[in-house]
Amino acid sequence: MSRPGWRTALALVAGFAVLTWALAAGVFLDVDVAVRDWSDAHRPEPARLVAKTLYFLGSANLLAAILIVVAGVLAARDRTLRPVLLVLVTAATSYVVVVPLKIAADRSAPHAPWPDAVELFANDAGWSYPSGHAVNTLIWYPILVLLIERALRRPLSTVVRRAILITPVVIVFAAITYLGFHWLTDSVAGVLLGAALWLVLRRLQLDDPARRPPLDGPHPAEGRRAVARRRVDR
């Protein structure tokens, strides 16, 4: 990762730390409660069902299961374990980072029955901060882009790439907050942490298909064709 990349990752981690400190000091708690109460008062059944369906776009189990199958197919085709390792390392990184933070934060979900549910470090059964679903959208969909590009052996267009990378983040952020599965600041913290994790995970693959081929280089057949063309040119 370039120095600007490291600086950005550190800035995101610092933002996460500042937000955590502010919440522990009681800042933004009123905002969280107000957003929860507004959502509860404006959640007709059709809207709830739509949001509940879209919520699964941030499911780590669903995303990892789909991507490990795709990665396995590509690994067999290209005779390299790198796609599979990429999925496994992403899953392990998410678990190792997010789960301890959830345990340490001790924050309950918005509809937990305790009066101090909105507070951090208040309930040992709390598992809400930061939002794992928000983190998932930041780290798993870039992997999806990389695997699609490897399957196609060419980069996606900028428009398609941005749609895949940005749309799930917005949708899941809105869905988990609107449904009351997470406090608003849980989702904000998840985005900050997820973006930082993705910047670190970028070191594990070649993420700029315009500059280099996806993951670990061109397919062997493409390399042989390139050698053949050079021989003809001579």
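This is a predicted model: local features need pLDDT of at least 70, side-chain atom pairs count only at pLDDT 80 or more; totals for chains, interfaces and linings use all residues.
Q: Hi! Where does Phe-28 sit in the chain?
A: Phe-28 is in the loop between α1 and α2, and α2 covers 29-41.

Q: Okay, and what is phi for Phe-28?
A: Its phi is positive, about 75°, although Phe-28 is not a glycine.

Q: Is Phe-28 buried, exposed or partly exposed?
A: Phe-28 counts as partly exposed, because its relative accessibility is 41%.

Q: Which residue other than glycine has phi near 50°?
A: That's Asp-106, again with a positive value. You'll find Asp-106 in the loop between α5 and α6.

Q: And is Asp-106 buried or exposed?
A: Buried: the relative accessible area of Asp-106 is 15%, and the cut-off for buried is under 20%.

Q: Back to the loop between α1 and α2. What about Ala-25?
A: Ala-25 is in that loop too. With a relative accessible area of 52%, Ala-25 is exposed.

Q: Let me zoom out. How many helices and strands are there?
A: The chain has nine helices and zero strands. Reading along the sequence, you get α-α-α-α-α-α-α-α-α.

Q: How much of the chain is buried?
A: Buried residues make up 42% of the 234 residues.

Q: Which parts of the chain does the pair of Phe-16 and Tyr-129 tie together?
A: Phe-16 belongs to helix α1 (residues 3-24), while Tyr-129 lies in the loop between α5 (82-105) and α6 (132-152), so the pair ties together parts that are 113 residues apart in sequence. Phe-16 and Tyr-129 are both buried.

Q: And how are the rings of Tyr-55 and Phe-181 arranged?
A: Tyr-55 and Phe-181 are edge-to-face, with 4.9 Å from centre to centre and 75° between the planes. This pair also links distant parts of the chain: Tyr-55 is in helix α3 (residues 45-55), and Phe-181 is in the loop between α7 (158-178) and α8, 126 residues apart.

Q: How accessible is Tyr-55, and how accessible is Phe-181?
A: Tyr-55 counts as buried at 18% relative accessibility. Phe-181 is partly exposed, with a relative accessible area of 31%.

Q: Which residues form the aromatic cluster?
A: Tyr-55, Phe-56 and Phe-181 form one aromatic cluster.

Q: What sits over the ring of Tyr-178?
A: The charged end of Arg-43 does, 5.7 Å from the centre of the ring.

Q: Which peptide bond is cis?
A: The one from Tyr-129 to Pro-130 is cis, with omega near -5°. Pro-130 is in the loop between α5 and α6.

Q: Now the helices. How do α6 and α8 cross?
A: Their axes come within 6 Å and cross at roughly 35°. The crossing is right-handed.

Q: Which residues meet there?
A: On the α6 side they include Ala-134, Leu-138 and Ile-143. Among those in α8 are Ser-187, Gly-190, Val-191 and Trp-198.

Q: How do the residues of that contact divide into nonpolar, polar and charged?
A: The contact of α6 with α8 has 13 nonpolar residues, three polar and no charged.

Q: You mentioned Ser-187. Is it buried or exposed?
A: Ser-187 lies in helix α8 (residues 184-201), and it counts as buried because its relative accessibility is 0%.

Q: What is Ser-187 in contact with?
A: Leaving aside neighbours within four places in sequence, Ser-187 is in contact with Ser-131, Ala-134, Phe-173, Ile-176, Thr-177 and His-182.

Methods:
Residues are numbered from 1 along each chain as its sequence is written. Side-chain values use heavy atoms; hydrogens and water are left out. Helices (H or I, at least four residues) and strands (E, at least two) are DSSP runs, numbered from the N terminus. Buried means under 20% relative accessible area, exposed over 50%, partly exposed in between (1.4 Å probe, protein chains only). Contact means heavy atoms within 4.5 Å. Rings of Phe, Tyr and Trp (its six-membered ring) pair if their centres lie within 6.5 Å; planes under 30 degrees apart count as stacked, over 60 as edge-to-face and the rest as tilted. A charge sits over a ring if NZ of Lys or CZ of Arg is within 6 Å of the ring centre and within 35 degrees of the ring normal. Axes are lines fitted to C-alpha atoms, for helices over the stretch in contact, and angles run from 0 to 180 degrees between N-to-C directions. A crossing is left-handed if the near helix is turned anticlockwise from the far one by less than a right angle, and right-handed if clockwise. Ala, Val, Leu, Ile, Met, Phe, Trp, Tyr, Cys and Pro count as nonpolar, Asp, Glu, Lys and Arg as charged, and the others, Gly among them, as polar.
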